[in-house]
Amino acid sequence: MKKALILVIDGCAPEYLTEQTAPKLFRLAEAHGFVKTVEAAVPTVTNVNHACILSGGFPETTQVVGNYYYDPVTKAEGFIEEAGFMKAETILSAYKRDGRSTAFLTVKGKVLGVYGKDVDFGVSVQTPDRKLIERLGLPMPPPVHDPAATEWIAQAALACVKRENPDFVYCTTNDFVFHHHGPETPEAQEQIRMLDDCIAEIHRADPERSIYITADHGMNRKTRLIDFQRIANRAGLDLHSLPPLKDRYIENHIYQEGGILYVFLNGKQQSEEFLAFTRSLPEVESVMTSREAAEEFHLPADRIGDYVIFAARECAFGELDSERLVTQSVRTHGSLHERTVPLLAIHPLASPEVYRNSKDIVAVMMARRHQQK
């Protein structure tokens, strides 16, 4: 397999990554590849899409359906932060079985914890390994929620390419800035400028390496939040609502707000009552049975509750102190409205039309690998 680097810009809607904000990358992509938009996997949350991008498969194969899990039988629930949840082979494992070297660089520690099992060189801003960082010739990283963490992890990728020259590099950022700043703001544009400079430098250091730049999900402003569980309880419905977006990074979404919920009914006879109740809520855009959602979005039906509900574009489900909240300060993801993401490719393995989903980056790499066997 050809040497490659995948940069996943956390929460980067196409409006953030443009020819104006990333002129160097656009010039490289137009000269040696392409620029387009593709679709992220549903739900549009971090763990789900890293699983898909790293494996080239949909959630029905990876079995990763969120950042948080709930077992309706045991009532156990918790954050997905360690190995064991991912069921599909990753490109990291494929490279390792071929005797080739890999590097995994991430701001969020959980991403390395869940997907970094077979990596040779793993760097995390959240859980830094001083020896590895010194080996790269870098200072210790800033805090996870510091905007400078994006530049630090990109510089780590550059140092890794120059000093270690791994066959495959996977690098991902934190969406703290995009959760708080729209694409028109100086703060967001500075994040992209730093990445533009650094990835262009990686190309100069290794001009034949394939480079793919995409996002795990988009990001949109939300003006209305709703605590679905609280309202359902008041309505007398016996259910458990699971927000797949939920994680420990409270600085990114203080209300654990997201655009999708998995709903587990404790009494199956409630279905008609539940549907009437849910469809009456103006914040809910659509409701699907688990089977319908599984067929539409390639999800494992037995892991997403009885129903899946999606919020309207400017709405989100959250954990609130009241039933509803009107706000101008929330930007988040999880719904179908954060599904479109950018894809810039430099020396891609296939033509632009082959790439319809972000997971196709690795799907193509895996297919090429099998052809060469």
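Me: Is C12 buried or exposed, and what is its relative accessible area?

Reply: Buried means under 20% relative accessible area, exposed means over 50%, and partly exposed lies in between, for a 1.4 Å probe and protein chains only. C12 has a relative accessible area of 0%, so it is buried. This is a predicted model, in which local features need pLDDT of at least 70 and side-chain atom pairs count only at pLDDT 80 or more, whereas totals for chains, interfaces and linings use all residues. Residues are numbered from 1 along each chain as its sequence is written, and side-chain values use heavy atoms, with hydrogens and water left out.

Me: Where does C12 lie, and which residues is C12 in contact with, leaving aside its neighbours within four places in sequence?

Reply: Helices (H or I, at least four residues) and strands (E, at least two) are DSSP runs, numbered from the N terminus. C12 lies in the loop between β1 and α1. Contact means heavy atoms within 4.5 Å. With its neighbours within four places in sequence set aside, C12 is in contact with L17, F178, I192, A215, H217, G218 and P342. As for E251, 239 residues apart from C12 along the chain, the two C-alpha atoms are separated by 17 Å.

Me: Which strands do bridges join to β7?

Reply: Strands of a sheet pair through backbone hydrogen bonds, either parallel or antiparallel. Here, two strands pair if DSSP finds at least two bridges between them. Five bridges join β1 (residues 4-8) to β7, and these strands run parallel; A4 has F168 as its bridge partner in β7. Strand β5 (residues 102-106) is also joined to β7 by five bridges, again in parallel, and there Y170 is the bridge partner of F104. Strand β7 (residues 168-172) is itself mostly covered, with five of its five residues buried. On one side these are F168, Y170 and T172, and on the other V169 and C171.

Me: What is the order of the open sheet of three strands?

Reply: The order is β14-β9-β15, with mixed pairing. Its edge strands, each pairing on one side only, are β14 (315-317) and β15 (324-332). Strand β9 (residues 220-226) and β15 run antiparallel and are joined by six bridges, with K222 opposite V330 in β15.

Me: At what angle do helices α1 and α9 pack?

Reply: Two packed helices are described by the angle between their axes and the distance between the axes. Axes are lines fitted to C-alpha atoms, for helices over the stretch in contact, and angles run from 0 to 180 degrees between N-to-C directions. Angles under 35 degrees count as roughly parallel, over 145 as roughly antiparallel, 65 to 115 as roughly perpendicular and the rest as oblique. Helix α1 (residues 23-32) packs against α9 (residues 186-205) at about 40°, with their axes 7 Å apart. Therefore α1 is oblique to α9. The contact of α1 with α9 divides into six nonpolar, two polar and three charged residues, where Ala, Val, Leu, Ile, Met, Phe, Trp, Tyr, Cys and Pro count as nonpolar, Asp, Glu, Lys and Arg as charged, and the others, Gly among them, as polar.

Me: At what angle do the axes of α7 and α9 cross?

Reply: The axes of α7 (residues 148-163) and α9 cross at roughly 0° and come within 9 Å. The two helices are therefore roughly parallel to each other. By class, their contact has nine nonpolar, three polar and three charged residues.
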